[in-house]
Amino acid sequence: MNIAEILKFAIDLVAVLLLALGIKGLSKVRSAREANLLAAFAMALAVVGLIVNYLGTSGIAAEAWIWIIFGTVVGGCLGAITAQRVPMTSMPETVALFNGCGGMSSLLVALGVAIFPTAAGAGEAGSAVVEDISIVVSVFVGSITFSGSIVAMAKLQGWLSTPPWMQSRVRHAVNIALAVMSLVAAIELGRRGDNVSALWLLVIGSGLLGIGVTLPIGGADMPVVISLLNSYSGVAAAAAGFVVGSQLLIVAGAMVGAAGLILTQVMCNGMNRSLVSVLFGGALGASAASGGGGEYKNITSCSAEECALTLEAAERVVIVPGYGLAVAQAQHTLREVTRALEAAGVEVSYAIHPVAGRMPGHMNVLLAEADVPYEQLKEMDVINPEFPATDVVLVLGANDVVNPQAKTDTSSPLYGMPVLDVQEARTVFVVKRGMSAGYSGIKNDLFELANTSMVFGDAKKVLGDLLVELKELGVGKKG
């Protein structure tokens, strides 16, 4: 082992430890920002380790250095531009795109080794059998991750909608055929590693399979899909690590894959859905007809002025953010409202449901952008026992995650899903554009309760009007 190899091993070891600490830090809201920077630094170290390894290797062509420098500069610039320009409301789409980029990276690495074995350094990862299997896994999972992530991003962005036939049983036959085609190609590629036709058949089959599985999934299930695709990208990276003989890539990919799988299970539990039903059962709204439907009969509506009067007299207020808040981009206006309440001595906290929004942690990120203190963000298990002692709950663009049917109606598709017990509060105000159903497609019994009032309108406008009314009442003014 020469000096370059020893230095690379040391750098890789430090990078793995820092990445592990970064992933651990992401589990806490308070440490998430620093943990993200730590993980980014670990990846930068990994790049440095790779360059050090190349410096200690003889026979590296000048063209290779040009591609290394070009890729580093272009990728770094694109990452910096994305970080600066993408709004927090578009973060779910961005995460899906990044998952796709991770899958495509692993796919390209495996293709490079398979098509150009000598130039790629084939054999360094171990036996030929292990290498062939790793190439198959990396191509298969990487291709599914890329195509599935692009479809998920397009659906979240509103560029794609689910074709009617994709909600029928026909899609299962198509997906099974694509899976069989991919399996045949994988077996042939494993038997003969130099079979280029089988390689491209595997790429095409698995890519189409990623589209076929993701396209029918409804918007309510997107948090689960994003988590699962994140896990896939980790698995693809680990397989690519075996292909090129990179211990760092193997360990990092395994950690990301395991973390994504755990998060996927958490999301499924939060929605009372199994992973199988998410992937193969179609949109959640498809089951709405089984129960929980009907028209609203006893709805009470009020103005922003009436809402402000109630908030003025409150001692404890809980905010429940939902995707409607993100769509209206009203997080900053909301923060102004809560600042006024806090200045008047009102205790304010935020109830965060694990599947609120379009990705895990979406509401946390959205509120962090508006400088909401971490201490005020409370998870569902923590905030639920506090609702009976709450004066006012302000629901902003949330629907299914506050539906009491999940606990009271056994015929409801939501039954068994953990929800926020906002109905236990003294007064509930629900800000919505209209009476449309949530992604489950069923009515919300909360809206008909005696302690609930609807405030109709765009969340940003309603909060702006509410802020004006609070100021006119003198709420938050220093006297």
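Ala-314 sits in the loop between α12 (304-312) and β1 (316-321). Helices (H or I, at least four residues) and strands (E, at least two) are DSSP runs, numbered from the N terminus. Ala-314 is buried, at 9% relative accessibility. Buried means under 20% relative accessible area, exposed over 50%, and partly exposed in between (1.4 Å probe, protein chains only). In sequence, Ala-314 and Val-346 are 32 residues apart. In space, their C-alpha atoms are 6.7 Å apart.

## Basis of the model

This is a predicted model, in which local features need pLDDT of at least 70, side-chain atom pairs count only at pLDDT 80 or more, and totals for chains, interfaces and linings use all residues. Residues are numbered from 1 along each chain as its sequence is written, and side-chain values use heavy atoms, with hydrogens and water left out.

## Helix packing around α6

Helix α4 (residues 91-115) packs on α6 at an angle of about 155°, with the axes 7 Å apart. α4 is therefore roughly antiparallel to α6. Axes are lines fitted to C-alpha atoms, for helices over the stretch in contact, and angles run from 0 to 180 degrees between N-to-C directions. Angles under 35 degrees count as roughly parallel, over 145 as roughly antiparallel, 65 to 115 as roughly perpendicular and the rest as oblique. The crossing of α4 and α6 is left-handed.

Helix α6 (residues 128-157) also meets helix α7 (residues 170-191). Their axes come within 9 Å and cross at roughly 155°. That makes α6 roughly antiparallel to α7. Here the crossing is right-handed. A crossing is left-handed if the near helix is turned anticlockwise from the far one by less than a right angle, and right-handed if clockwise.

## Positive phi in two loops

Gln-329 is not a glycine, yet its phi is positive, near 50°. Gln-329 lies in the loop between α13 (323-328) and α14 (331-343). Gln-329 is partly exposed, at 46% relative accessibility.

Asp-371 has a positive phi of about 60° and is not a glycine either. Its loop runs between α15 (362-369) and β3 (377-379). Asp-371 is exposed, with a relative accessible area of 54%.

Phe-70 belongs to helix α3 (residues 62-85). Phe-70 is partly exposed, with a relative accessible area of 48%.
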